[in-house]
Amino acid sequence: MKELLSGNEAVARGVYEAGVKLAAAYPGTPSTEILETLAARYRSVYSQWSPNEKVAFEVGIGASLGGARTLVAMKHVGVNVAADPLMTFAYTGVNGGFVLVSADDPEMHSSQNEQDNRYLARFAQIPFLEPADSQEAKEMVKLAYDISEEFDTPVMLRLTTRISHTKGIVELNDPITPEEKKFKKDPAKYVMVPANAKVRHKIVVERLEKLRDHSENTPLNYAELNGSKVGIITGGVAYQYAREVAPDFDYFKIGFGNPLPLQKITDFVNAHETVLVVEELEPYYEEQLKAVGLKVEGKKFFGKLGELSPYRVALGMKEAGVVAEISHPEIDAESLFPRPPVLCPGCPHRGVFMALRKLKVAVTGDIGCYTLGTLKPLNALDTCICMGASIGSAIGMEKVQGAEKGVVAVIGDSTFFHSGITGLLDAVYNQSNVTVMILDNRATAMTGGQEHPGTGRTLMGEKVSHVDIPTLVKAMGVKNVREVDAYNYKETLAVIEEEIAREGPSVILTSRPCVLMPKRIMDEPYVVDLELCNGCSACFRISCPAIAAATETNKYGHPKAVIDPTLCTGCTLCAQICPEECIILKSQFVKA
Amino acid sequence: MSENKFDILIVGVGGQGVLLASEIISAVALRAGFDVKKSEVHGMSQRGGVVTSHVKIADKVYSPTIAQGQADIIMAFEQAEGLRAINWMKKDGIAIISRTTLIPAIVTSSKELHYPEDPIAAAKAKAAKVISVDADDIARELGNPRVVNTILLGVASNYLPFSVADWTEAMKSKIKERFVEINLTAFERGRSIKLDTVKA
């Protein structure tokens with residue numbers, strides 16, 4: 001049977017077909033749909049969201065040692081969080097097959113950096129496989145489990161956004177039942193104290209040599225010969241771009257990328273006049289090929305930044321002199337206003353950023369929808385580094401510049417569970433005068449509203465008790481814990497002001513749920529009384545997508561405001577800040 | 001349009017149904033026995049940002065994204081987004097643009113940024129085959145503002161090699177049952193709009 005599946009859905013299908021027993025992950029674009037698909041369609045695989053990628057990885061280690069085929073999945077920066085267990089699990093090796101999916105995000109469609117995790121696989125000295133479409137993604141998952149078990153190693157499956165989020169045709173197969181295994185006590189293999197780890201490190205080095213042989217022989221690394229003098233070495237989605245723009249060249253496609261099949265590639269290079277390396281992001285292949293003296297070029301023509309595309313690859317080939325003419329776009333681009341993502345109408349984060357903007361304090365930010373608080377016209381978030389960084393960096397900033405200027409950390413509920421708790425412990429322990437705002441909207445909103453320890457539900461839909469954040473932070477020793485309704489602008493502003501002035505760390509929790517998930521919130525909309533509106537534009541500056549410029553203008557020619565009733569959720573914020581009090585409930589307006 | 005290759009770029013703003021439209025085109029291409037790839041970016045784009053979906057249909061598809069300047073058809077659910085995407089199209093490609101206007105808060109609250117006066121006229125100045133569709137009006141007339149995407153699919157269907165029966169089946173497989181009827185009507189309305197039926 002054939003089906004159109006995204007790369008992520010195909011990975012989930014491969015996991016199911018490979019007889020995997022457990023999958024654990026933390027949501028992160030572009031990896032999220034792997035676990036969502038497992039939970040929705042393949043219930044024979046126990047799947048769970050963990051609070052962060054490190055825990056997910058460790059849950060996976062336990063499952064593998066317990067004898068089960070195991071999947072852990074995360075976005076590229078999530079692997080940084082899980083790097084600690086990864087580096088040493090590479091030493092112990094597995095029992096049941098273990099696959100780590102790293103979904104990289106070239107172009108940073110929804111990420112803070114575009115690191116190339118092929119290097120992390122090499123750093124950990126584990127093999128990685130890289131598919132070029134959905135069909136390969138599914139097949140490679142199954143091969144990855146065989147490799148993991150044959151060579152006793154975790155295996156990385158490296159995806160990129162265009163693989164994860166492209167749908168293509170996939171042939172489905174029936175699932176297999178892998179050999180039943182149990183946990184066997186083996187401290188020399190699994191207890192990484194120095195004496196044991198020294199032995200295991202030697203095994204890792206020897207394993208890498210065996211994997212090198214495998215890389216030379218696996219059908220995942222192959223040449224496609226068309227009798228051309230030009231050879232292209234490529235892998236992943238870059239293969240597809242190159243193959244489309246230059247179908248007549250010879251190709252060496254790398255599907256098994258660590259260690260590289262250097263002998264096979266050397267033969268390929270020697271058989272061609274010109275050889276180019278087409279790879280996205282870093283010169284991972286190119287550097288290794290140049291290091292063994294092969295005459296290849298790549299980054300010089302194709303660049304290291306962002307995503308490749310058919311056009312970029314064509315331009316690079318022209319610059320390299322292997323193609324004479326390429327087709328350029330015939331229509332000039334139009335330079336237009338930007339349309340960045342914005343906080344939704346009714347988003348409970350909006351009132352928080354309006355207050356923080358007013359107070360002109362330093363705001364250390366975190367990863368989530370609320371990172372959008374940095375954009376114009378809110379301009380109220382000053383840093384964003386990684387999951388959980390808001391609290392630690394607020395502490396450091398407050399220590400050097402003093403509390404009187406005010407330092408506020410903003411962090412979402414899921415991010416707080418992920419890696420904010422330890423930051424807050426630091427604030428308590430080191431007596432920091434920071435104000436930590438936990439924007440608790442009861443969802444992992446940015447990635448699509450996934451469950452987490454605070455929602456009271458699991459990925460597979462089980463009802464569980466939820467972690468109560470006020471109880472948790474009080475138990476950690478925070479004495480000043482306040483809750484505010486972020487739809488109440490004056491209250492929010494006053495509470496933040498009070499807590500900034502207070503000695504010791506404060507926590508302010510906002511309580512309104514996400515307007516989209518789990519339930520779409522739509523209360524009675526508000527309207528603008530255009531007779532009273534004087535076009536002051538105060539409501540434009542709260543950056544609500546429901547508020548637009550009316551065709552009517554004031555005497556200076558500035559537009560008055562109009563509210564789209566299909567978008568307005570009735571959150572009341574604009575009505576609260578309108579100096580003319582001309583934003584009123586729709587039903588009241590009709591009466592008047 | 002070369003014989004067996006159809007590169008379709010669908011653009012709009014988060015929440016307008018870009019992804020459903022590309023799902024339906026992919027499903028109809030699969031039914032008709034073509035190779036198909038459809039690529040889009042999730043995440044940030046859900047929050048009112050630009051949403052772009054690439055659908056590639058051919059006997060064998062390699063790149064998941066369309067090469068700049070190679071799109072055979074552009075479907076735009078918002079007129080400024082249609083103009084923004086116009087350089088992705090081949091010079092003789094077809095742009096189907098809804099007259100929908102969505103001005104983002106970043107423009108409304110700014111003195112420097114402006115929404116173009118007439119994006120469709122600007123698109124027509126650049127490309128020969130631009131079909132402007134009053135999709136919002138038609139949708140309102142049909143009683144559901146959310147069928148703009150199927151109206152545009154109907155227009156696009158005139159330039160794609162699939163039967164109405166295949167389109168109907170594809171829509172039935174992707175649209176919730178109680179909305180199927182109105183979407184089929186919207187599709188039919190769109191199908192009556194062609195390049196030569198639109199006034200310049």
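Modeller: Two strands pair if DSSP finds at least two bridges between them, and that cut-off is applied here to a predicted model.

Colleague: What makes β8(A) and strand β2 of chain B a pair?

Modeller: The count of bridges does: β8(A) and β2(B), residues 35–40, are joined over 2 bridges in the antiparallel sense, and because at least two are required, they are called paired. Within this pairing, Lys167(A) stands opposite Lys38(B), which belongs to β2(B).

Colleague: Which elements make up the side of chain A that touches chain B, and how many residues does each chain bring to the contact?

Modeller: Chain A gives 49 residues and chain B gives 48, where a contact requires C-beta atoms, placed from the backbone, within 7 Å. On the side of chain A, α8 (161–164), β8 (166–171), α11 (237–245), α15 (310–319) and β19 (547–553) each supply at least two residues, and the largest share, 5 residues, comes from α11(A).

Colleague: What is the make-up by class of the side of chain A that touches chain B?

Modeller: That side of chain A has 26 nonpolar, 13 polar and 10 charged residues.

Colleague: How do you know what confidence the predictor has in chain B, and where in chain B is confidence lowest?

Modeller: On a scale of confidence that runs from 0 to 100, chain B averages a pLDDT of 92, with 94% of the residues scoring at least 70. Confidence is lowest in helix α3(B), residues 105–108, at a mean of 85, and highest in strand β4(B), residues 71–76, at 98. For the complex, the predictor gives an ipTM of 0.94 and a pTM of 0.96.

Notes
Residues numbered from 1 in each chain as written. Chains lettered and ligands numbered in written order. Predicted model: local features only at pLDDT ≥ 70, side-chain atom pairs only at ≥ 80, totals over all residues. Contact = placed C-beta atoms within 7 Å. Helix = DSSP H or I, 4+ residues; strand = E, 2+ residues; numbered from the N terminus. Nonpolar A, V, L, I, M, F, W, Y, C, P; charged D, E, K, R; others polar.
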